[in-house]
Amino acid sequence: MSQIQVIPVAGRIGAEIRGVKLSADLPHEVAEAIRDAWRKYKVIFFRDQGHLDNPGQEALATLFGQGVAHPTVPVAADSQFILELDSHRGGRANSWHTDVTFDVAYPKASILRAITVPGAGGDTVWANTATAYDDLPPTLKAIAEKLWAIHTNDYDYASFYQAPDDPQRNGYREVFRRTVYETRHPVVHVHPETGERNLLLGHFIKRFEGLNASDSAQLFSVLQSHVIRLENTVRWRWQAGDVAIWDNRATQHYAINDYGDAHRVMRRVTVDGDVPVSIDGELSRSLSVKPRNAEAANGAAVELSVAA
């Protein structure tokens, strides 16, 4: 244990852990120290983990639970549940989100490994959704605690992506939406391990229950602005071989698409999560799961990857 260093990166979120060579076979006390830091700092970073391959990254998920595949996008070749995020195959994102919240039991953790990084740009930013809740004015907090939102993977990608007419991007969109999910989540949920209250927002929200699209958009903008305030965030400059592990129940993140034609390849593993619970003890629930144009989506699936 003496060789492990936990070094905070920002004031409210994020820590770099040094002195650890990641694997699924870490001593119990080391694994527990990593999990403790993950819960406390929400996202933890490891440099110089180039020894990890796809099986090693998948095995690493067992430190946090059971690895799971993305519900709509095919996994990387020769893997069980790795998602390859290749910028040359549509794997770019530039919007704030929590991974896969359109599913009722969305992932508890995500593990992202840097394979190829641009010479400049391509950073990722995370936001702490617990401190965002804590900082809400009392009136907004009372509103948020009563709100429920409908999350879906069928939303307007053109409002988030810089080049919506790009064939790769359009193909990605069709693969991502080949099965359409709609799920009802509380806007404020109770973290099952820390007991903290977190805001559950991000770009998968379609609308708030009981509000029309216009009112939903305006209220979403107000609440989301509290999540992404700079004091709630940490920004990571990637190097090849880096690994980031974040608590997907207590964060949002944003992969910055500022690197032009440079190549960026990341590989992500997610860990199965629990159904969120509101502050009143009510569980999230799935509203619908409907196939779209499966034939068209399957034809594009081989070459595409989901955005980080």
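Buried residues have under 20% relative accessible area and exposed ones over 50%, with partly exposed in between (1.4 Å probe, protein chains only).

## Basis

This is a predicted model, in which local features need pLDDT of at least 70 and side-chain atom pairs count only at pLDDT 80 or more, while totals for chains, interfaces and linings use all residues. Residues are numbered from 1 along each chain as its sequence is written, and side-chain values use heavy atoms, with hydrogens and water left out.

## Helix H1

Helices (H or I, at least four residues) and strands (E, at least two) are DSSP runs, numbered from the N terminus.

Val30, Ala31, Ala33, Ile34, Arg35, Ala37, Trp38, Arg39 and Tyr41 are the buried residues of H1. They pack (contact means heavy atoms within 4.5 Å) against strands E1 (5–8), E2 (15–18), E3 (43–46), E6 (109–116) and E14 (243–247). Lys42 follows H1 and has a positive phi, near 75°.

## Salt bridges

A salt bridge is a side-chain nitrogen of Lys or Arg within 4 Å of a carboxyl oxygen of Asp or Glu. The structure holds 20 of them. Lys42 pairs with Glu196, with 2.4 Å between the closest N and O atoms. Glu196 sits in the loop between strands E10 (188–190) and E11 (197–199), and Lys42 in the loop between H1 and E3, so the pair ties together parts 154 residues apart in sequence. Lys42 is buried at 3% relative accessible area, and Glu196 is partly exposed at 29%.

Arg184 and Glu209 form another salt bridge, the closest N and O atoms being 2.7 Å apart. Arg184 belongs to strand E9 (residues 179–186) and Glu209 to the loop between strand E12 (205–208) and helix H6 (213–227), 25 residues apart. Arg184 counts as buried at 9% relative accessibility; Glu209, at 34%, is partly exposed. A network of salt bridges links Glu32, Arg35, Asp36, Arg39, Lys108, Glu193, Asp247 and Arg249.

## A three-stranded sheet

An open sheet of 3 strands runs in the order E13-E7-E15 with antiparallel pairing; two strands pair if DSSP finds at least two bridges between them. E13 (233–236) and E15 (251–255) are the edge strands, each with a single partner, so one side of each lacks a neighbour in the sheet. E7 (residues 124–128) is joined to E15 by 5 bridges, and Ala127 has Gln252 in E15 as its bridge partner.
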